[in-house]
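Let's take a walk through a protein model together. Keep the picture beside you and look up each part as we reach it.

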Amino acid sequence: MEEMRSFGYICPKCGKPVISQRSTFALTAAAARMECECEKSMMEVQTDGVKFRLWVPCGLCGQTHQAECSADAILHGRGIGLGCPKTKQLCCYIGEELVVENAMEQLAIRAEKEKTENPEAFTDNVIMYEVLSEVKDIAARGGISCGCGGTDYSIQVHRDAVDLTCSRCGSKLRLPAATDEDLDRLCCQMKLIIPGR
Ligand SMILES: [Zn+2]
Ligand SMILES: [Zn+2]
Ligand SMILES: [Zn+2]
């Protein structure tokens with residue numbers, strides 16, 4: 001019988017655990033996409049034969065995390081967990097069906113708890129999510145820089161805004177992230193310049 005591997009994550013949009021199974025053969029043959037029932041989040045898995053690259057929607061912080069694992073860890077053994085770099089907690093499990101199911105049950109409880117303890121982390125979760133992915137897109141194009149000439153920066157996420165802080169001079173650019181207008185304004189920008197000296 002062909003070996004099956006399970007993949008589990010918590011959907012950041014609807015909060016449900018998403019568990020999908022793929023055969024090891026299918027995993028090595030082609031990229032896999034595993035979607036939540038609500039169709040609003042999707043985990044992607046690609047391989048070059050040696051390593052696997054994964055894009056994991058994170059039920060804890062709402063972002064999508066990219067991770068790289070050895071093919072051996074993905075295809076064999078009991079399983080591995082992937083961590084959320086923001087909350088430093090596990091947000092995804094890959095491995096044997098039972099291990100993944102157990103892990104996802106615990107994860108769902110933890111994600112739910114996180115939500116009730118922090119019911120309104122953001123003014124509007126969807127807008128915040130979109131703003132952050134827009135910032136990520138602009139960053140991916142190399143579009144974020146500072147007036148001081150610096151190109152290194154850090155991102156701080158607040159309830160209704162995102163700050164980009166220049167690592168060189170400490171200047172800040174605040175991006176409001178609470179309303180549709182905030183998002184529209186950001187979407188038409190090719191570049192973000194932190195007003196540094
Ligand atoms: Zn969902
Ligand atoms: Zn996360
Ligand atoms: Zn600067």
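Start with a simple piece: S10 and S11 form a hairpin with three residues between them. Names like these come from DSSP, where helices are H or I runs of at least four residues and strands are E runs of at least two, numbered from the N terminus. Before we go on, a word on the source: this is a predicted model, in which local features need pLDDT of at least 70 and side-chain atom pairs count only at pLDDT 80 or more, while totals for chains, interfaces and linings use all residues. Residues are numbered from 1 along each chain as its sequence is written, and chains are lettered from A and ligands numbered from 1 in the order in which they are written.

S10 and S11 (residues 161-166) pair in the antiparallel sense over five bridges; two strands pair if DSSP finds at least two bridges between them. Serine 154 has threonine 165 in S11 as its bridge partner, and isoleucine 155 stands opposite leucine 164 in S11.

Now follow S11 to its other neighbour. S11 and S12 (residues 172-176) also pair in the antiparallel sense, over five bridges, and alanine 161 has proline 176 in S12 as its bridge partner. These two strands make a hairpin with five residues between them, and glycine 170 in the turn has a positive phi of about 80°.

Is threonine 151 buried or partly exposed? Threonine 151 has 14 other C-beta atoms within 10 Å, so it is partly exposed. From C-alpha to C-alpha, threonine 151 and isoleucine 194 are 9.5 Å apart in space, though 43 residues apart in sequence.

Next, look at two helices. The axes of helix H4 (residues 125-140) and helix H5 (residues 180-187) come within 10 Å and cross at roughly 10°. Axes here are lines fitted to C-alpha atoms, for helices over the stretch in contact, and angles run from 0 to 180 degrees between N-to-C directions. H4 and H5 are therefore roughly parallel to each other (angles under 35 degrees count as roughly parallel, over 145 as roughly antiparallel, 65 to 115 as roughly perpendicular and the rest as oblique). Where they meet, Ile127, Glu130, Val131 and Glu134 belong to H4, and Asp180, Asp182, Leu183, Leu186 and Cys187 belong to H5. Residues are in contact if their C-beta atoms, placed from the backbone, lie within 7 Å.

Let's move to another sheet. This one is open, with four strands in the order S2-S1-S8-S7 and antiparallel pairing. Its edge strands, S2 (17-23) and S7 (79-83), each pair on one side only. Strand S1 (residues 4-10) and strand S8 (residues 90-95) pair over four bridges, and phenylalanine 7 has isoleucine 94 in S8 as its bridge partner.

Two loop residues deserve a look too. Most residues other than glycine have a negative phi. Yet phi of lysine 88 is positive, near 60°. Lysine 88 sits in the loop between S7 and S8 and is exposed, because 8 other C-beta atoms lie within 10 Å. Glutamate 39 also has a positive phi, near 65°. Its place is in the loop between strand S3 (32-35) and strand S4 (42-47), and with 10 other C-beta atoms within 10 Å, glutamate 39 is exposed.

Finally, zoom out. The chain comes to five helices and 13 strands, and buried residues make up 27% of its 197 residues. An automatic or database domain assignment divides the chain into domain 1 (4-117) and domain 2 (125-194). The centres of the two domains, taken over C-alpha atoms, are separated by 27 Å. Along its principal axes, the C-alpha trace of the chain spans about 65 × 40 × 25 Å.

Definitions and conventions: Buried ≥ 20, exposed ≤ 12 C-beta atoms within 10 Å, placed from the backbone. Contact = placed C-beta atoms within 7 Å.
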